[in-house]
Amino acid sequence: MERPRITIFDTTLRDGEQSPGCSMNVQEKLRLAQQLDRLGVDVIEAGFPIASDGDFEAVQSIAASLRRPIIAGLARACTGDVDRAWQALQGAARPRIHVFLATSDIHLKYKLRITREKCLEQARDAVRHAKSLCPDVEFSPEDATRTDVAFLCQVVEAAIAAGATTVNIPDTVGYSMPEEYGNLIRTLREKVAGIDKVTISTHCHNDLGLAVANSLAGVQAGARQVECAINGIGERAGNASLEEIVMAMRVRPDRYPYETAIAGEHLYPSSQMLAEITRVPVQPNKAIIGRNAFAHEAGIHQDGMLKNPLTYEIMTPQSVGVPDSRLVLGKHSGRHALALRCEQLGHQFERRELDEIYRRFVVLADRIKKVQDSHLLELIQDVASGNVSSDVTGSKGKKFPPAAATLQFPRAVSAAAGANASDSHPAQVSGSAGQASVSIPFTDHHSEQEDYLWGV
Ligand SMILES: [Zn+2]
């Protein structure tokens, strides 16, 4: 059975770039646009040409360099904006003018200070003008979800009659609930003349954490384009996260039987590139592409993962471009995971040796939270050389080189590491905590069964 194809409209470079701290220069935008092309997005909203010369230039250079995706330029519903957008799109193989106009009473009254009649006329005129320049025209009634539904139907119908080929229904302020948003799309499909000839699009903000849920509800109700951004960046709490939308459909085709052209293995590299360019890090627990999205630390989880990844993984890290599922070695790790990591580092141990390594490992992990390979190697060396000291903080003062820069949690140092280790980076502990007394009750972790209980 053929699945309906969903157009992925990426607005990382426009809505995303409007988020605090995410501004990019022309070169950076071009670099990211090339990555979005590799990722396989259908439409790249490259900017808002009238907003600034930088935006104009970015749209122009992206339009000139990418041939496959549609390149969209944003414009308010007025001649000057539409003309400027069209000018920036001159070099594009597949240009799109995206016209928007607020339609909710609150925006009409306080922001635009125009009547509904004037709004209707302005939308119609701007779309008609855009259509006279470009065959591909998208219209967005801004704040659609807080617009009187009958009036929204009227405006959308007028935009379609004037030549819009895509109508986008923005939940501009992230106010909608999934069922409500789905119902709005259904209502438009029932009431608006000509809507079956255009593509309906979603554009959902994440102010209540529902951007992805609302977008998916829109798709189920008949929308066939989703506007979204890498890492979910966008105004305020952000836009719908591209990677979450795509993977929700891919992991659950039983519920969302739709196709996209996204190359999953480019999701993580795209996310990394955006974070690198904007220097806005991704939250560690961010779905799909966060640093912990495929990390398993709890012993029972690690054991299951090693036996069969399907026990705790609903998708493989490789399917989204994450190099490997990382088994983070921390104090909740069991012997099995520790033994495997030792093996990967080229060391195999008898049960008794492993017991000793494990015992020291738990003490260390309690102190520095995340045990790096370098730490483990030192520990192995100590045990192998018969160093009987149970104080893994070391008596030689050279133990445990600074943890990698990725170890960012200031509170990672446990109280067991002593008072002189109470601040900032665990690395600072390594040279100075030699006298720290360790109070982990080793006997609590002797059997494997108990190890695994830590992670339940
Ligand atoms: Zn937006």
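This is a stop-by-stop tour of a predicted model, with a residue or element to select at each stop.

Because the model is predicted, local features need pLDDT of at least 70 and side-chain atom pairs count only at pLDDT 80 or more, while totals for chains, interfaces and linings use all residues. Residues are numbered from 1 along each chain as its sequence is written, and side-chain values use heavy atoms, with hydrogens and water left out.

**The whole chain**

Start with a cartoon of everything. The chain has 16 helices and 8 strands; these are DSSP runs numbered from the N terminus, with helices being H or I of at least four residues and strands being E of at least two. Now colour by burial: of the 456 residues, 54% are buried. Here buried means under 20% relative accessible area, exposed means over 50%, and partly exposed lies in between (1.4 Å probe, protein chains only). Among contacts between residues at least 6 apart in sequence, 73% join residues at least 24 apart, a contact being heavy atoms within 4.5 Å.

**Aspartate 10**

Select aspartate 10, in strand β1 (residues 7-10). This residue is buried yet has no salt bridge, and the nearest side chain of opposite charge, arginine 14, is 9.7 Å away. For charges, Lys and Arg count as positive and Asp and Glu as negative, while His and the chain ends are not counted. A salt bridge, for this tour, is a side-chain nitrogen of Lys or Arg within 4 Å of a carboxyl oxygen of Asp or Glu.

What does the side chain of aspartate 10 join through a polar contact? Show threonine 12: the two side chains are joined at 2.8 Å. A polar contact is a pair of N or O atoms within 3.5 Å; within protein, one must be able to donate a hydrogen and the other to accept it, and residues adjacent in sequence count only if both atoms are side-chain atoms. Leaving aside residues up to four places away in sequence, aspartate 10 also touches a set of residues including Leu36, Val43, Cys228 and Leu242.

**The zinc ion**

Move on to the zinc ion and show its protein donors: Asp15 (OD), His203 (NE2) and His205 (NE2), at 1.9 to 2.1 Å. Donors are N, O and S atoms within 2.8 Å of the metal (3.2 Å for Na, K and Ca), and water is not among the atoms, so sites may look incomplete. In sequence the donor residues follow the spacing D-x187-H-x1-H. Aspartate 15 sits in the loop between β1 and α1 (26-39) and histidine 205 in the loop between β7 (199-204) and α8 (211-220), so the pair ties together parts that are 190 residues apart in sequence. Are aspartate 15 and histidine 205 buried or exposed? Both are buried.

**Salt bridges**

The structure holds 26 salt bridges; here are some to click through.

- Arginine 76 and aspartate 81 meet at 2.9 Å, N to O. Arginine 76 is partly exposed at 43% relative accessibility, whereas aspartate 81 is buried at 2%.
- Lysine 111 and glutamate 142 meet at 2.8 Å, N to O. This pair links distant parts of the chain, with lysine 111 in helix α4 (residues 105-112) and glutamate 142 in strand β5 (residues 137-142), 31 residues apart. Lysine 111 is partly exposed at 44%, and glutamate 142 is buried at 16%.
- Arginine 252 and aspartate 254 have their closest N and O atoms 2.9 Å apart. Arginine 252 is partly exposed at 40%, and aspartate 254 is exposed at 55%.
- Select Glu356, Arg359, Arg360 and Asp382 together to see a network of salt bridges.

Go to arginine 335, in helix α12 (residues 335-344). Arginine 335 is buried, at 2% relative accessibility, and its side chain makes a polar contact of 3.0 Å with the side chain of aspartate 355.

Next comes arginine 113, in the loop between α4 and α5 (116-133). Though not a glycine, arginine 113 has a positive phi of about 55 degrees, and it is exposed at 70% relative accessible area.

Finish at arginine 236, in the loop between β8 (225-228) and α9 (242-251). Its phi is positive too, near 50 degrees, and arginine 236 is partly exposed at 46%.
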